Amino acid sequence: MNAPLLSRRNLLLQGGALVVGFALSGRNAQAQIFAPVATDGFSKPVAPDQVDSFLALGADGRATIFSGKVDLGTGIETAMAQIAAEELDLPLDRVTVVQGDTALTPDQGPTYGSLSIQKGGVEIRQAAATARARLVQLASERLGLPADALATENGTVRPKSGGKAINYAELVRGGRLDLKVDPAVATKDPATFALVGKSVARIDIPEKITGRFTYMQDYRVPGMVHARVVRPPTIGARLESVDEASVASVPGLIKVVRQGNFLAVVTEKEWAAVKAAGLIKATWSKWEGLPEQDKLWQHVRATKVTKDDVTSSTGDAEAALGQAARTLEASYDFAIHTHGSIGPSCAIAVFADGLLTCWTASQMTHALRKQLAAMTGLAPEAVRCIYVEGSGCYGRNGHEDAAGDAALLARAVGRPVRVQWSRADEHGWDPKGPPTLIDLKAGLDGQGNVSAWSSQFHVPEGAAGNVPLVAADLAGLPHETALAPGNVIQNSALPYAFPNVRTVCHRLATTPFRPSWIRTPGRMQNTYANEAFLDECAAAAGADPLDYRLRALKDPRGIAVLKRVAEIAGWQARTPPVKEASGDVLRGRGISYVKYELNRTYVAGVAEVEVDRGTGRVRVPRFFVVQDCGQIINPDGVRNQLDGNVIQTVSRVLMEEVTFDRGAVTSLDWASYPILAFPDVPEVVSDLIDRPTEKPWGAGEPSAAIVPAAISNAIFDATGARLRSVPFTPAKVKAALQAT
Amino acid sequence: MAHQLSLDVNGRAAHLTVDDPDTPLLYVLRDDLGLHGPRFGCGLGQCGSCTVHVDGQAVRSCITPVSGLKPGARIVTLEGLGGPDRLHPVQAAFIEEQAAQCGYCINGMIMQSAALLNENPKPDETAIRQALAQNLCRCGTHLRIVRAVRRAAGTL
């Protein structure tokens, strides 16, 4: 099962007379390319303004699409193939998608922020449309017919009036397209779509279902050895000494690698590495730099603020609060979460001839390449990162860190090294979704409408970009840590037309753990606070929560999703709390809405909850969700994302919280960090509003944003108690019930 | 201490030597036999992604030492359950329902469900959810998985 040793040059020469580089057949073919041998001539362009960067038309009639965005289990490999095949007029099964290879794919930015289709897919669409226009032009010259007398069909250009069709490969034989992407190129009329908008079956699923798929965790290279990292017992501990004799008897031990506070064991076989990592004796210094968990929110409040981002300012919120007929005030908080990938992170690295190649499930291979270059002192051009799909990551989990570990170890032992994190490594050392604290005030006028709204969000300063690599940090190696402010401040401003609004994000200098992004970062926490606090306003006004939103909303597409979700949920006007009871179980419904980042995908949802007033346990038996993400590429794929967003977020909201002592994370497995299991998974009833003539927007994140508030609001409807602290654990629910 | 093993994996005899009799079956299947179906998820028997069948029973291979296997034990992995040309009904149903996102947990979901259907060919939804209660999925594909098992059972 080891991949054949193919140099990139060999592979390109095999392509020989191929038009643009080469076309690959079969999935995972890209992963078989061994080393970054790009110094001797033929190199594939990757500049994002070149058509050849995005696609190659093979002599065999196939097209290879080069996508900087990668499939993290969301189905975008299939969606990208649909977009390209549609625009190129090729059958879907003649399109192969190569993903996230720094030597082959353009840098389209990390695969995050619900931007794969919206940004990455649109760029591929433009490249494919530009290519198609050139193919028509070439055929026009060849046939002496005007371009508008020609049509593309099934990988050929043919005269509309009949006559011989010419294959694409014949038209571009002997050279690249050498063409800039034309952002203004005419793309297909959505009315003529044959593939886009259809629930095409996912390309990857049959192999995943039959055990033939090669995940990152399955990938092997010749001569490869295995490593396990041995992390410090506390985050800031220094490695004082290592007793190498403690692992000397482990069969096939190759090396104990120690560099600064970085420690790992490398062995011939994988199980030996697991054993050695458990057996090794090392002494570490004491460190107690984390805040006390039960004083987390005081800690957040006391953290230095480096700057304030005023995300919206309309009228004079302070003055209007002073004049309001009634004011409300509340604080909301949202716990620290871990990504919880089912497969712990894994990577392989090899050093050869001064070049570093890394196979990784990173969502951002181009950025990782810069980080590995900084860490190893190599030029970025000497580093190649190749994406191999791993377990779902839902953001920046440990994949990049495992790559850093592998790079360090590959250099230390001079052989290809595979690093597989343990469950405790993943739960303990992946960067975390930061704790978020939100303070809100509102003023209502005599009719109960919001006349003033003022909110303050405590969010990290750096929340995107390059999270520091654990290996570089522990080993004291140079960092490439261009942490960017990110979009965690998005959706702190409101989608509603209130007269006096001021929303401010306090950017915090530090967080207890390395912060990163977990699905719907910031937008989830911010929408939770806004939509739950708005519900408090509606309750104070004695208004139906749906009607209260509709009267403050001017956006017709927003109104449409709210009305549609009310329809499918059979929403009946109510003035919560309704407190529908049967025995110890109280039932309620809550509604919530988001316009993602106030400029794209619309989602509305209704949660049904059951609260056991004896135990404080909350169940969500059913969740209704309606989404408008503009033009839909694959409706079944979008519905799969809606299910996933709702179920994962119900888990986060009801159950999840990273626990820690003064030194380290203590929730290191699934028993101490439980997630929602089958018996408690809600039915998800979803509906899509498709707008084929609109731009395609993201679907991977937005529907998660509405879930926390919908549940909080439903609990209020059921019980009259307001849950303002995620997760809504039985203990918190019971305390809230006692306080009402 | 080298340990000789003779296993029946997916209907084929495999003879191999492991350094350590405590080696979990998972590592033998993945590293010695090159199988991709059973997956490493936790090494603690908590998530189910490593599930295989041993004599028809769903077993967590990450906590099953090879030395504890009975001689002649018949091991079936996802690859042996069915392949692209000869899908097991549960596999066919998972494809039909497009019941995967990242798919990392799916090995366990299929192996556990196939074992369930062997014992209870017509489980209702509650029985399916209970049978899968110890199998974790992070992507939130649960509803499609349940539908796929119902489809395989002919109760959809």
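**View 1. Helices H17 and H19 of chain A cross at roughly 60°.** In this predicted model, the axes of helix H17(A) (residues 635-655) and helix H19(A) (residues 707-719) come within 9 Å. Axes are lines fitted to C-alpha atoms, for helices over the stretch in contact, and angles run from 0 to 180 degrees between N-to-C directions. Helices (H or I, at least four residues) and strands (E, at least two) are DSSP runs, numbered from the N terminus.

**View 2. Residues join H17(A) to H19(A) in a contact (heavy atoms within 4.5 Å).** H17(A) contributes Asn645(A), Val646(A), Thr649(A), Val650(A), Val653(A) and Leu654(A), while H19(A) contributes Val707(A), Pro708(A) and Ile711(A).

**View 3. Strands of chain A form an open sheet in the order S3-S4-S5.** The sheet has 3 strands with mixed pairing; two strands pair if DSSP finds at least two bridges between them. Strands S3 (55-57) and S5 (95-99) of chain A are the edges, each pairing on one side only. S4(A) (residues 63-67) and S5(A) pair in the parallel sense over 5 bridges. Phe66(A) has Val98(A) of S5(A) as its bridge partner.

**View 4. Helix H3 of chain A packs on the sheet.** H3(A) (residues 76-88) touches S4 and S5 of chain A, and its direction makes about 130° with that of S5(A).

Residues are numbered from 1 along each chain as its sequence is written, and chains are lettered from A in the order in which they are written. Local features need pLDDT of at least 70, side-chain atom pairs count only at pLDDT 80 or more, and side-chain values use heavy atoms, without hydrogens and water.
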